[in-house]
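Subject: Structure handover

Hello,

Here is the structure I said I would pass on. My notes on it come after the files.

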Amino acid sequence: MESRILSERERFCYCGLPSPRRTSWTRMNLGRRFYGCARYREGLKCKYFKWIDAKFSDRATKVILDLLDGWRQPPSTFVDDLDDVDSKQVEASSAKYLKNKVSKQAKVSSVNYLLKNEVSRMKIEQKCYQMFIIVLFCYIAYLMIKCKVLEDKKKFLQLP
């Protein structure tokens, strides 16, 4: 059960989009499921491809073909209908993925803005501390000079 959950986790194609699970309707791989690029209909596909099912036996393929022929509908129409369903799933999945990505980027932008404000505040605070240290140093220097002057004055006033 756990391996089934792991194997059916959402996969991503090389474009970074969720890779939809599709079913092949070619005569060679009839009914065989696979993962492919989310953009396969747009012509910008990244060539991501992974079979889910093992190749069916010739007997299973013949049964599937007979069932499809029993629909009394050209397979291409049936396949087009299935492709339309796949396309809608891809669009929904891609929209959800892009919405999540935009939401994450908005959160990152918000955090980035807060961090920039915090850095600006800390730079101003640092300048204030630097100014305080400079003023303190100047005051100490002033007191030392004043003490030296007073000491010199005392020595001058004292007669030997």
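The notes below go from the overall layout to the sheet, then to the aromatic residues and a few single residues.

Please keep in mind that this is a predicted model.

Overall layout

The protein has three helices and five strands. Read from the N terminus, the order of elements is α-β-β-β-β-β-α-α. Of the 160 residues in the protein, 18% are buried. Among contacts with a separation of 6 or more, 45% are between residues 24 or more positions apart.

The sheet

Three of the strands make an open sheet in the order β3-β4-β5, with antiparallel pairing. The edges are taken by β3 (21-23) and β5, each of which has a single partner strand, so one side of each has no neighbour in the sheet. On average, neighbouring strands here are turned by 35° against each other, direction ignored.

The pairing of β3 with β4 is antiparallel and runs over three bridges. On this side of the sheet, Arg21 stands opposite Tyr35 in β4. β4 and β5 are also paired in the antiparallel sense, over three bridges. There, Gly36 has Phe49 in β5 as its bridge partner.

The aromatic residues

Searching the whole structure gives four aromatic pairs. In one of them, Phe34 and Trp51, the ring centres are 5.7 Å apart and the planes meet at 75°; an angle over 60 degrees counts as edge-to-face, so this pair is edge-to-face. The two residues are 17 apart in the chain, with Phe34 in strand β4 (residues 33-36) and Trp51 in strand β5 (residues 49-51).

Asn29 belongs to the loop between β3 and β4. Although a loop residue, Asn29 counts as buried, with 17% relative accessibility. Leaving aside residues up to four places away in sequence, Asn29 touches Ser24, Trp51 and Lys55.

Which class does Arg22 fall into, buried or exposed? Arg22, in strand β3, has a relative accessible area of 4%, under the 20% limit, so this arginine is buried. Its side chain reaches the backbone oxygen of Cys37, at 3.1 Å.

Arg33 lies in strand β4. With a relative accessible area of 30%, Arg33 is partly exposed. From C-alpha to C-alpha, Arg33 and Arg22 are 5.6 Å apart in space, while 11 residues separate them in sequence. Not counting residues up to four places away in sequence, Arg33 touches Arg21, Arg22, Thr23, Trp51, Ile52 and Asp53. That list includes Arg21 and Arg22, and β3 covers 21-23. It also includes Trp51, which is in strand β5.

One backbone angle

Most residues other than glycine have a negative phi. Lys47 has a positive value, with phi near 75°. This residue is in the loop between β4 and β5. Its relative accessibility is 67%, and Lys47 counts as exposed.

Where to look

Regards

Note on methods
Residues numbered from 1 in each chain as written. Predicted model: local features only at pLDDT ≥ 70, side-chain atom pairs only at ≥ 80, totals over all residues. Heavy atoms only, no water. Phe/Tyr/Trp six-rings, centres within 6.5 Å; stacked < 30°, edge-to-face > 60°. Helix = DSSP H or I, 4+ residues; strand = E, 2+ residues; numbered from the N terminus. Pairing = 2+ DSSP bridges. Axes fitted to C-alpha atoms, helices over the stretch in contact; angles between N-to-C directions. Buried < 20%, exposed > 50% of the residue type's maximum accessible area, 1.4 Å probe, protein only. Polar contact = N/O pair within 3.5 Å; in protein donor to acceptor, adjacent residues only side chain to side chain. Contact = heavy atoms within 4.5 Å.
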